[in-house]
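Hello! Here are a few friendly notes on the charged pairs, to read beside the model.

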Amino acid sequence: MSPETREEYERMEKWMDEHTEFVHDYFSRKAKRSMVDGWLIAHAMTHSGLHLQSDSLSTSSGSNSKPSSGANTPVRKISAQEFDKGGILKPIISTVDGTPTFLGPSSSTGSWQGKTRKSMSELKALDEKELMYELVIDICNDLDVTSLCYKILLNVCILLNADRCSLFLVQGKGTNEKWLVSKLFDVSSDSTYEEVCERQDEIRIPWGTGIIGYVCLTGEVVNIPDAYEDPRFNSDIDVQMAYKTRSILCMAIKDSDGEVIGVAQAINKISVRDEPFDEHDEKVFASYLAFCGIGVKNAQLYERSQLENRRNQVLLDLARVIFEEQSNVANLIHKIMMHTQSLLQCERCQVLLVDDLSKDKNKQPRLPLEAGIFSQVFDLQASDFDNDDTYNREGPQEPRFPINIGITGYVAATGEPLNIPDAYSDDKFDLSVDVDSGFRTRCILCMPIKNACGKVIGVSQLINKLDQTTFNKNDENLFEAFSIFCGMGINNTQMYETALRAMAKQRVALEVLSYHAIAPIEEAHRLRKLSIPSSTHYNLLDYKFNDFLLDDDDTLKATIRMFTDLELLDVFSINYEILCRWLLSVKKNYRNVTYHNWRHAFNVAQTMFSMLKLGGMDNVLTESERLALMVGCLCHDLDHRGTNNQFQLKVNTPLAELYTTSTLEHHHFDQCIMILTTKGNDILCNVSQNEYEEILQMLESAILSTDLALYFRYRGQFFELVKTDKADWNNDGHRDLLRSMMMTASDVAAIAKPWEVQRKVAELVASEFFEQGDIERSELKIEPMAMMDRTQKDKLPAMQVGFIDNICMPVYEAFSRVSGNLDPLLCGCQENREHWQQLAEEQSKKQISEQSPENTEKDKDEDEDRSS
């Protein structure tokens, strides 16, 4: 630019500074909308520059001050420390669309009150153009949506002389997912900012519904002289607000692209004759809302930039948590769930891990994902936190259910996320889950968890937002990011745990191998040459079977007879000598403990044999199921140490490090697989690969089901199926339950034996329990529970009654409904309960008698006689 031109421009700018009225008039006549938009956008990020400019424009002549540049106004940065105020687990507030997210209190919230604003009387003294200019300047600086909406409604009341105004903003995307939410409702010219912010109840209007929805859908102006004459008007609002609506002027708020982003509504024009709003009001309203649309859009963009900043801070914090916790998957997942539940404000957060069958070399090659199972479930509810925000954590559950069913199964199988606004209307949701738990599921957001290779290793699921809304796009984006970090952390931690598990497994293997050995081939030859008597000879087809009459060889021969009568050798081409050696190895791998030894396993197998043959269950189950159950019964307590799962955890044995749930049962199954896969003991060597995989899966389920903790978890479903006659034994799920319950019924069948046998077995069980209690008291220095406490052995009858009522009787009653041929188990259990109840009553009377005053005095006299 030449010096002459620059000098001319300076003279022109000075003259314009001195003639501000001309400048205002020229601007209002000549300025194009693109120019106004450009000016607003250029100054949108400043906090005070616009007011400085307006002040300078209104200064008297001779002033040398120049408008301040928006580029020179410092922009306040959002730091990580601000996000951490109050702790990461504290609740958060709403964003521009009214849904919970990271946004904390904005610096601009409420800051408008410190800015210069003309009084009501000063504003009303201005002419229309001056008033419009003043009100536009009033809103163009504010970047907080709530504050901005308050100013807009306040100014609309002044411009239109309206009694009340409301503003609704559009939420959601897509016609079917959009709705309008009242950002501020019923604001009058004398409403204070604090008053309108204290109103918590928001009004949600579906897209296209009512007057507001119609305006938002069509973009048309609606001017209603008499609201009660319009069918779209909802008079219930008047009833709630104790207010009488006469006239309504409703208009859409659009952004610079012409898209509707909200609706403003003015109610009841204040005048002497209560006239409705006229065409002039419509023009003024439209002119002002054109500026408001740009202002609201800018404020939304600003808040979204804050949201993105805070999202980055959250993900950085989550990354720190993940890489700090690399030693334990359970701890890592619980930390991630705590972050997720707090930030997304949901009632329930779950993580389900997929069992990788390919990790075990003893198992067949992995089938497609649809045939896998969920091995662990981590569940966190908002109610799990105490008042002081501490979380009472329990270990993961181990349901072992297939992943090809339900919502989580769909996500695991497809690798695609699911956002379900109404769970009960979705075919993939299982209503029985809510029925059993008493929980009410409304909406679900489910994401796959993948490792670095893109393989699905689990599923994360959120249930029910605390504010009763559905999960939106913000929640999906955040949860997807969380799932990515979760996948990275779990994959790394699993690799670390794999190394630790391998070391623990090695120690267990060395311990086992030092104690056990595969049965010598010579013993198998000897057993193979022995003659095998009939089932009648051993009385195997009798629920009252008594093994105390048999020696060890007889138990082996009787087991061979059961396999023969079930035709398992022929169906599965089992070599007779291999069967003999396998049985000897199984027997050898039982320790010489008081109760959980080979004799117990043999008795469990005999009861299962009776249920199959006498109870007619062999007509229900396939050959593969019968084989899996018989092998499971014989192997279900392999290498039992005479102590229970709780003891393993208390002592932190290598087994407890290896398995956190169903500790002993997992070890029994591993021992079973070790024997089955040892050459010379591989009775399944002649079955097909698919059949081998099927039998192993059923065998694992059978052995794990002998954990009474799992029995209590699943028996309710089985009892309900039987009680309501809804059991369908062609249904795979129902058959799984049936096999599991048959294992439990066989495992505790000593309770249904003749009284002499039952009492002797009960004493053996009690002796083993007392031995554990002695160890706990002497070595661990803890008081054992009553059933393990030798000093409370007189309570054995009462404890037996409780055991029968809580565990045995319900399962035998259920099987009595399944088949009348199983009634003897229930009858035997009932008869023994009467015996134990009688002993318990006698023991109770004896204790009362010993505590009576006469006996006390008598004991005292006897003590004095002895001392004299």
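1. Burial first: a residue counts as buried under 20% relative accessible area, exposed over 50%, and partly exposed in between, using a 1.4 Å probe and protein chains only. This is a predicted model, where local features need pLDDT of at least 70, side-chain atom pairs count only at pLDDT 80 or more, and totals for chains, interfaces and linings use all residues. Residues are numbered from 1 along each chain as its sequence is written, and side-chain values use heavy atoms, leaving out hydrogens and water.

2. The structure holds 28 salt bridges, each a side-chain nitrogen of Lys or Arg within 4 Å of a carboxyl oxygen of Asp or Glu. Helices (H or I, at least four residues) and strands (E, at least two) are DSSP runs, numbered from the N terminus.

3. One of the bridges pairs Glu-347 with Arg-442, at 3.2 Å from N to O. Because Glu-347 sits in strand β7 and Arg-442 in the loop between α15 and β11, this contact ties together parts 95 residues apart in sequence. Arg-442 is partly exposed, at 21% relative accessibility.

4. Lys-465 and Asp-475 bring their closest N and O atoms to 2.8 Å. Strand β12 carries Lys-465 and helix α16 carries Asp-475, so the pair links parts 10 residues apart in sequence. Lys-465 is buried at 0%, and Asp-475 is buried at 1%.

5. Within helix α19, Lys-557 and Asp-554 are three residues apart, about one turn, and their side chains form a salt bridge at 3.6 Å. Lys-557 is buried at 14%, as is Asp-554 at 16%.
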